[in-house]
Structure formats: C-alpha cells, structure tokens
Amino acid sequence: MSGNLFTAAALGWMGVLAAAPPPAPQAAFRPHTIAADLRGGYQVVPADLNRDRRPDLIALASGLSELVWFENPGWQRRPIAGGLRGMINLAARDTDGDGIPEIVLASEFSMRPRESAGVVLLLKAQGDPRLPWSVKEIDRLPTSHRLRWAAVGPRGAAAAVNAPLAGAAADPPDYRASVPLVLYRPPEWKREVISEELQGVLHGLCITDWNRDGRDDVLTASFAGLDLFERTATGWRRTHLSDGSPEPWPRSGAGEVAVGALGKRRFLASIEPWHGNQVVVYLPEQDRWQRRPIDDSLQEGHVLETADFDGDGRQEILAGFRGPGRRVYIYWAEDARGQRWRRQTLEDGGLAAAGCAVADLNGDGRPDVACIGAATANLKWYENLGAAPARSGRLQ
C-alpha cells in the first residue's frame, strides 16, 4: 500500500497559470492503493462508521451491485448493502445520534431521464456497522444524481439535498427541460422543493454557509452557469452568480463548483463546461465575479475540491479528470489576490478520477486526498507529508 513520493509540479500555461519557479514550498504526497476491483468507480466519501474517531472510506462503484466501505487504518473491506442497481451518489451523516452515520443513496440512474427511476434509499447500520445495513426507499425522482447534507434547519438541523441530473421530460444531448432541486428532512424524509428554475443538466452541487448566518446554502453548477440558493424566512432565493462557459448550449455553463479562500478573500472554482476541459477561478470584483480560466488541458473533468494542503492559510484547488491522460492536479495561488496560479501533479495516469474527497485520514492534522477511478476501477489515498522543499529552475 505504498508508492512513490509525488513532489514534482507539472506546469502548464493558460493566461494566469504561472511558468516561473514557485516562490514557496508546496505539499508533498505519498500514494497508497486501497482497492483495484471497483468497476465503474464513481464516488468516495470519508465518514467515521465505526465510532473510532477516524474517517473510514465509503466507495461507490456504479458497475457493482454492492456498496462497501474500507475501515481505517488497515482498510479492511466491509459490506454495507447488496442487490443495488445503478448507484450514482451518496451522502453520510449521523441523524439519530447513535454515532454511526445514516447513508442516503441515489440508485437506478440513467443518463436518459425517461429510463432513470432515480430511486433514493436510506441505509442504516443495525448495531454493528461491519454487518449488512438495512435499506429503505424514501423517494423516486428521475436522474437523482448528486446528494449532499446541508444544515438548513434551526439549530443546525440537517437535510439531504438531492440534485437530479436533468428533468424527467428531458432528452439528450440538449436536455431542455426544467430540473428540480429538492431536499429531505429526517425523520420524515418527505421531498421538499428548493427550486425548479434551472434548465438543462445540473451536475455540480456544493454546500456552504455563503452568507455566514449559521445555516448552509446551496451552490449549483449547470447549463445555466453558477447559482446560489439561500434560505430566507419565506423560502429559497436564487442568485445567479455567473453564466460560466460562453460556449453555446449544451456546452454552456459549468459542471462542478467549489468555494475556496485565500486568507479572508473568498473565491469560486469551477470545471467548465459539463465534463469539460477548463479549470476556472472566479474572483470578486465590485458587484460581480470575474471569470479567470487557469487551465484548459483536462479531458472530461469530473473532480473539484478546495483545501489548504500546505498550511499557508490559502486554500488550493484540487481538480481531476477521467478521460485520456487521467490526472489529478493541485493548483495554488502565488499571491493573496489569486492573480497567478501554479499546478502540481498529484496523480499522473494511474487513476481515472471520477471522484475525490479531502480528509485527514491518518490523524496528523494535515488534509489528505482519497480518489476513486472509473475506467481504472481503483481506490487510492494520497498521504499529505507537509510542505516539500522548493525546487530551483523550471518544474516539470
């Protein structure tokens, strides 16, 4: 379960992606392989399932009929549930106070909405999380595709947000129909509509306390671009942040969205368009978000996260793609305003990144990375070893 030490920063150039030597150290990582038989690997979710205060890893593979988790630190494989079809996404959170997260799972997914049942399941441990969990259907919503927990209720009460890929009446490749954005509150698990304003493909979902009021808000990336949904006293309010990619429909908008911070300065990151080639940074400028593409070399971009990997107080961007080349990159800003960015290669060809997550997996206080591969069918974690010495000359 060990591998080579990744410290090299493979640099590209696109407008603000810098080509000179880095002014400060970047984080170094050591890769570890956990599994290599997860056919159609799609999502990895860190969660403490055995109450030992260490994040385990739930691995969702769309090509399998069994959902499994890997127990930290030995990464023993454990069953959650079998007999599942077309799994596509999950979210884990302890809602009943027993110390073991419940899992909300989207299954029976198809890219063709008329053929997608979009079954939403509730999975619950029956005492010992190492034994099979109970499975209960709570909803059917065609193309249910992205699930995230959000603290939207009073006193931080959580709800599971469900962002289907497209509307039930939509047809590829244009998907021209209204797509719903909904949530479920435990223990009733009844569907509540957040919005039906978006059109086309809704692919990216990010939960964040945008207005810092103690309750989570919802960011989406879709054919419409980037949108914010905030909870108000009378319901949900939509604010359109950016149109995203200027290409014509269905190459318009964005496919992923994340929020980061350069010290106290907030930024947005996206992959554009849907399953696109560009990593884009959005910086606040007066009353709008300035769009700044920093890389256009991705092939079917599908991973986007932010975290402070090197401990300098500025968050980096983690982005990966599952198409030819199969790479995962880390981008970091040279300056506090995010005008120039550098790129470090975390994974170089060995994992077709469909999903990545950030968590401190070994308890050393540094954020590590876990990624699952689609065509490569593997699950790896990348151990953050801290800041590496800066290299001289041009980095390759």
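**Figure 1. The disulfide of Cys 356 and Cys 371 in the predicted model.** The torsion about the S-S bond of Cys 356 and Cys 371 is about 110°, and the disulfide is therefore right-handed. Cys 356 belongs to strand β26 and Cys 371 to strand β27 (residues 368–373), so the pair ties together parts that are 15 residues apart in sequence. The two sulfur atoms lie 2.1 Å apart, and a search of the whole structure finds one disulfide. Cys 356 counts as buried because its relative accessibility, 7%, is under 20%; Cys 371, at 0%, is likewise buried.

**Figure 2. Cys 206, a cysteine in no disulfide.** The nearest cysteine sulfur to that of Cys 206 belongs to Cys 356 and is 15 Å away. Cys 206 is buried, with a relative accessibility of 14%.

**Figure 3. The largest pocket and its lining.** The pocket holds about 860 Å³ of space. Its lining comprises 33 residues, and Arg 148, Leu 205, Glu 305, Cys 356 and Ala 357 are those nearest the centre. At least two lining residues come from each of β2 (41–47), β6 (89–93), β10 (146–151), β14 (202–208), β18 (256–262), β22 (301–307) and β26 (353–359). By class, the lining contains 21 nonpolar, seven polar and five charged residues.

Figure 4. Thr 208 has a relative accessible area of 16% and is buried. When neighbours within four places in sequence are left aside, the contacts of Thr 208 are Asp 216, Asp 217, Leu 219 and Val 259.

Note on methods. Residues are numbered from 1 along each chain as its sequence is written. This is a predicted model: local features need pLDDT of at least 70, side-chain atom pairs count only at pLDDT 80 or more; totals for chains, interfaces and linings use all residues. Side-chain values use heavy atoms; hydrogens and water are left out. On a 1 Å grid over the protein atoms alone, a cavity is a set of points where a 1.4 Å probe fits but cannot get out, and a pocket is an open set with protein on both sides within 12 Å along at least five of seven lines; lining residues have an atom within 4 Å of a point. Grid points are joined across faces, edges and corners, and a volume is the space filled by probe spheres set on the points. Helices (H or I, at least four residues) and strands (E, at least two) are DSSP runs, numbered from the N terminus. Ala, Val, Leu, Ile, Met, Phe, Trp, Tyr, Cys and Pro count as nonpolar, Asp, Glu, Lys and Arg as charged, and the others, Gly among them, as polar. Buried means under 20% relative accessible area, exposed over 50%, partly exposed in between (1.4 Å probe, protein chains only). Contact means heavy atoms within 4.5 Å. A disulfide is a pair of cysteine sulfur atoms within 2.5 Å.
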